[in-house]
Amino acid sequence: MNFTKTIIHWYSINKRSLPWRETQNPYKIWLSEIILQQTQVKQGLPYYEAFVSKYPTIYNLAKAPESDVLKLWQGLGYYSRARNLHATAKHIVNELQGEFPNTYNQIIKLKGVGDYTASAIASICFNEVTAVVDGNVYRVLSRYFNIDTPINSSQGAKEFKALAQELIDKKQPATFNQAIMEFGAKQCTPKNPDCTNCPLNENCLALSKQNIDQLPVKIKAAKAQKKHFNFLVFISDDGKTILEKREGKGIWQNLYQFPLIETEKSISEKSLRNTLKNNSLLSNQKFSLTLYNSKPIIHKLSHQHLYTNFWIITVKTLNTNTINISNIHTYPVPILIGNFIESFNFDFV
DNA sequence: AAGGCGGGGCC
DNA sequence: GGCCCAGCCTT
């Protein structure tokens, strides 16, 4: 049995039951694909359910405020996905009369949709013969054919796309695309793949050459930088605090945070106290300052390691950017802030 | 071509 | 600690 037939047969036996596999509705498929970008099924599944429940159609999503969409996305990461999702929903409703584009060439024009996502939607919803290439596909193909072209190079992207396009089942592109991804996720895993019980082990070139552990080849990313984040958790006598919206580029765009002092090195309480004396948010009032966490909370992002302190500052009154603490749970915040809010007992206020 | 962009899970 | 995950966008 050849590669394509074997993969599809394996899938028919081993596929997981997942909600987006029960539909060809382009809105739901699109939603699931955006959620699953760089995200494992287990992590994305509850978010998919929540979005379908709160926004059953693209019209519901288009009508929502961006802040609500970000709130529902909170904790999933890569928030540009949520911003683009919302912008694209509005675009389809307002400019395309609510009609989801139905070809790869049209779909890929949508904001937040690249080659992978366009191929997934076009094949699953509209039966177009266009092969998906995601992390799973890179791994399966690089191993089966023993290809060492770096997968995160432009040459690699072209090469693997062309190979997948050759292998795709022209009569059932949707099934093949989902099958090869599922195969990568459950059989040809990154670590310790179960090659002994693999239906492709007879002709897998990397296996015969003992190259499984070396493939796929990936150009290494730069190491994460360390930063020191000092969040100022103001609490006023009348139950207010300060949350600011992160504007511009950079992490957590359009999410909210406590006022932040970012430093190259860690900052002492004494030095922070001096800095605060001249802080306009305090307008020369007396204040008390205590560090909430006993040691810095290390929040690891792909490209930054954030050494974080939460400083509690009680003060009589606040004037700028204040919110009522009783409403704090309605703002979209990065999970680093969200975890703090959850663990810190604001109820006494 | 390279770097930015999250958070969780595994080893 | 490092690596990976149903990638995309900007520079």
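On a 1 Å grid over the protein atoms alone, a cavity is a set of points where a 1.4 Å probe fits but cannot get out, and its lining residues have an atom within 4 Å of a point. This is a predicted model, where local features need pLDDT of at least 70, side-chain atom pairs count only at pLDDT 80 or more, and totals for chains, interfaces and linings use all residues. Residues are numbered from 1 along each chain as its sequence is written, chains are lettered from A and ligands numbered from 1 in the order in which they are written, and side-chain values use heavy atoms, without hydrogens and water.

**First stop: the cavity.** Select Phe183, Cys188, Cys198, Leu200 and Cys204, which lie nearest the centre of the largest cavity among its 15 lining residues. Its volume is about 120 Å³, counted as the space filled by probe spheres set on the grid points, which are joined across faces, edges and corners.

**Next stop: DNA strand C.** Show the residues near the strand, meaning those with a heavy atom within 4 Å of it. There are 25, and Leu36, Gly112, Gly114, Thr117 and Arg139 come nearest.

**Last stop: individual atoms.** Zoom in on Thr117, where a side-chain N or O atom is 2.7 Å from a phosphate oxygen of DNA strand C. Then pick Arg21: an N or O atom in its side chain is 3.2 Å from a base nitrogen of DNA strand C.

Terms used
On a 1 Å grid over the protein atoms alone, a cavity is a set of points where a 1.4 Å probe fits but cannot get out, and a pocket is an open set with protein on both sides within 12 Å along at least five of seven lines; lining residues have an atom within 4 Å of a point. A polar contact is a pair of N or O atoms within 3.5 Å; within protein, one must be able to donate a hydrogen and the other to accept it, and residues adjacent in sequence count only if both atoms are side-chain atoms.
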